[in-house]
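This report covers one protein model, with its sequence and coordinates shown below.

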Amino acid sequence: MSTRESMAYDVVIVGAGPAGLAAAIRLKQQANEAGREIGVCVLEKGSEVGAHILSGAVVDPIALDELIPNWKELDSPLTVPVTDNQHWVLTKNKQFSMPHFIQPPFMSNEGTYTLSLGNLCRWLATQAENLGVEIFPGFAAAEILYREDGSVMGVATGDMGVGRDGQHKPDYMPGMELHAKYTFFAEGVRGHLSKMLKGKFGLEADCQPQTYGIGIKELWDIDPDKHVPGRVIHTQGWPLTDEVGGGFLYHQANGQVALGFVVGLGYKNPHLFPFEEFQRWKQHPAIRAILEGGRRVSYGARAINEGGWQAVPKLTFPGGALIGCSAGFVNVPRIKGSHTAMKSGMLAAEAAFDAIVAEREGDELAAYPAALENSWVARELKMVRNVEPFVARFGPLAGTLLAGADMWMRYLKIGLPFTLKHHKDNEGMWRQDIAPRIDYPKPDGVISFDRLSSVFISNTNHEEDQPIHLQLKDASIPIDINLPYYDAPEQRYCPAGVYEIVGRDEGAPRLQINAQNCVHCKTCDIKDATQNINWVTPEGGGGPNYPNM
């Protein structure tokens, strides 16, 4: 019999991101409108709400307008409207501006805001708590609980104070069970528990494989004379000439710019180094000119859903639902997903509330996917569903032209009568001996930097004496397969230097996992060629602690 204590709620939500918090707020709003009591709990593995949130971000407030219509009166962090939207095509030394009329009107940033998504989540958490939502930061949901009939009954938080050897330390504290009529999984991209649910309930049986990008981001204080609040710049082209990806630079509040680089994780060349591509991009004359005289203040990385509408899995299972990026509602060409994530949480909340009022529990919330299918989320994502696969299949130049034509045709209601398919990002990597090597310049410590100094300013911390949360299914594969075939690409695709091959000089190479460096981006779980790495939830409160990201 379990020695864990338990608490019961109507709805338990795993993850205090935009989707989870929007769902919690909507549940409480409905309860207040109906004069009912409803218990809502949100678990957040980060040390505080927003600690693990990383995004560009340019936010479309459409969902927020629906959720909290008077948000402008409530001291929200949406204070910098986008006033200047630019799209650059880069060559090695030049930049060319793409005129706006080339893009269909729904790609416009008119009415959007640039801000820290982490700060938006902190503000949403305050609104949720004011409504009576219980939020528990620093507690990681580590286990799914099931009823006897196989339906999801809730989650259990991870045990605290367990040593790397599995033994209990003096500060050991067992996890807590949280039982619910319905459980929402809002873990973000490639969530550990969401991945288990997809397998157990076959949620991906009728959709295309999800595809991903790795987004690497920095926050800079720049020269005030160069700061233009509300200026938004996106780039494509150099330094990625044959792979999917591009950069962004957003002039946000307080004299800061958020800048970053996204590399599609379907890339073929095992020698490609996403972190170093970002450092090269910053050295482009047009980007460097903005950063010179400034100071880097924060760093982070996160995987991004890029599969679009055709990669959205079945959203419900007995006892719960996937919301937000656990399901994958990112509009890739708009580079936005927080508004669609929030709306998905709101729709799931409305379905759960109606079920609870009808005294149901543990069944499937069929009203949620039906409502989403009829919402602006579905309409928006269907318009752009061929963009990412066109670019992935035909390359950055031809693919962009084909994708643009497809979007225009859909906007004019003469869309192409097909939906392109995806392949898994871990498949199709070239052997190291036939792939061209890439010469990356050394960092100058002014504009470009190394990974370890970058991880330091992400404020990443894990209790070192805890079980390693980056688990190998077969410990022999990194040396027997990944090293000889692909030159151990985990050394490069990880943006935090977690994976190292040591002992080569002695003729006894082995993979060293520096788990304390992990920024929870999930890239290794996605990109490993043999799917041998399994990212599991570490002890709550660990990982990065992003300010203003």
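## A buried threonine

Thr183 has a relative accessibility of 0% and therefore counts as buried (buried is under 20% relative accessible area, exposed over 50%, partly exposed in between, with a 1.4 Å probe and protein chains only). The residue lies in strand E12, residues 177–185. Helices (H or I, at least four residues) and strands (E, at least two) are DSSP runs, numbered from the N terminus.

The model is predicted: local features need pLDDT of at least 70, side-chain atom pairs count only at pLDDT 80 or more, and totals for chains, interfaces and linings use all residues. Residues are numbered from 1 along each chain as its sequence is written, and side-chain values use heavy atoms, with hydrogens and water left out.

Which residues is Thr183 in contact with, leaving aside its neighbours within four places in sequence? They are Val12, Val14, Val152, Met153, Gly154, Val155, Phe317, Gly319, Gly320 and Ala321, where contact means heavy atoms within 4.5 Å. Leu21 is 162 residues away from Thr183 along the chain, and the C-alpha atoms of the two are separated by 13 Å.

## The seven-stranded sheet

Seven strands form an open sheet with mixed pairing, in the order E5-E4-E14-E15-E16-E13-E17. Two strands pair if DSSP finds at least two bridges between them. At the edges are E5 (95–97) and E17 (295–305), each of which pairs on one side only. Direction ignored, neighbouring strands of this sheet are turned by 20° against each other on average.

Strands of a sheet pair through backbone hydrogen bonds, either parallel or antiparallel. Nine bridges join E13 (residues 212–221) to E16 (residues 256–264) in the antiparallel sense. Asp221 stands opposite Gln256 in E16.

## Helix H1 against helix H3

H1 (residues 18–34) packs on H3 (residues 117–130) at an angle of about 20°, and their axes are 9 Å apart. Axes are lines fitted to C-alpha atoms, for helices over the stretch in contact, and angles run from 0 to 180 degrees between N-to-C directions. H1 and H3 are therefore roughly parallel to each other (angles under 35 degrees count as roughly parallel, over 145 as roughly antiparallel, 65 to 115 as roughly perpendicular and the rest as oblique).

The crossing of H1 and H3 is left-handed; that is, the near helix is turned anticlockwise from the far one by less than a right angle, while clockwise would be right-handed. On the H1 side, Pro18, Leu21 and Ile25 meet Leu117, Cys121, Leu124, Ala125, Gln127 and Ala128 of H3.

## Two further helix pairs

H10 (residues 387–394) and H11 (residues 396–411) cross at roughly 155°, their axes coming within 7 Å. That makes the two helices roughly antiparallel. Their crossing is right-handed. H10 contributes Val387, Phe390, Val391 and Phe394 to the contact, and among the H11 residues are Pro396, Leu402 and Met407.

The axes of H7 (residues 338–357) and H9 (residues 376–383) come within 10 Å and cross at roughly 145°. This crossing is left-handed. His339, Thr340 and Lys343 of H7 meet Trp376, Val377 and Glu380 of H9.

## Cysteines

How many disulfides does a search of the whole structure find? It finds zero, a disulfide being a pair of cysteine sulfur atoms within 2.5 Å. The cysteine sulfur closest to that of Cys494 belongs to Cys521, and at 5.9 Å it is too far for a bond. Cys494 counts as buried at 6% relative accessibility, and Cys521 counts as buried at 7%.
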